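Welcome, and please take a moment to look over the model below.

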Amino acid sequence: MSSKRVYWIEGDGIGPEIWRAARPVIDAALAKESDMRIGWVELLAGEKATAETGSPLPEETMNALRTADFAMKGPLGTPVGTGIRSLNVAL
């Protein structure tokens, strides 16, 4: 059985709800049709990142994404006055 690491960013607003619905569907589809499994690794961005690190887009997230083969993200809001025009575009 093979395994792939997939980074994921939960997102803001409706993002967490979308993530809670999407992940089990993806896992079930792979279990049924493939011998591949996913090792999910959460990265921080948006409101959750700001609350935990003080930055809406931590450098750790960007560094991980630079080397990623796969990543998913929910929709992100962009805080006003942070110097980033859009977190979605920055990613």
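Leaving aside its neighbours within four places in sequence, Val41 touches Arg5, Val6, Tyr7 and Trp8, where contact means heavy atoms within 4.5 Å. Before going further, note that this is a predicted model, in which local features need pLDDT of at least 70 and side-chain atom pairs count only at pLDDT 80 or more, while totals for chains, interfaces and linings use all residues. Residues are numbered from 1 along each chain as its sequence is written, and side-chain values use heavy atoms, with hydrogens and water left out.

Val41 belongs to strand 2; helices (H or I, at least four residues) and strands (E, at least two) are DSSP runs, numbered from the N terminus. Val41 counts as partly exposed because its relative accessibility is 29%; buried means under 20% relative accessible area, exposed over 50%, and partly exposed in between (1.4 Å probe, protein chains only). Gly74 is 33 residues away from Val41 along the chain, and their C-alpha atoms are separated by 14 Å.

Strand 1 (residues 2-9) pairs with strand 2 (residues 36-42) over seven bridges, and it pairs with strand 3 (residues 71-73) over three bridges. Follow Trp8 to see both sides: its bridge partner in strand 2 is Glu42, while in strand 3 it stands opposite Met72. Tyr7, in turn, stands opposite Ala71 in strand 3.

Next come the helices. In helix 3 (residues 59-66), the buried residues are Thr61, Met62 and Ala64. Seen down the axis of helix 3, these fall within an arc of 165 degrees, so they line one face of the helix; the arc is that of the directions from the helix axis to the C-beta atoms. Strand 1 and helix 4 (87-90) are among what covers these buried residues. On the other side of helix 3, Glu60 and Arg66 are exposed.

Notes
Pairing = 2+ DSSP bridges.
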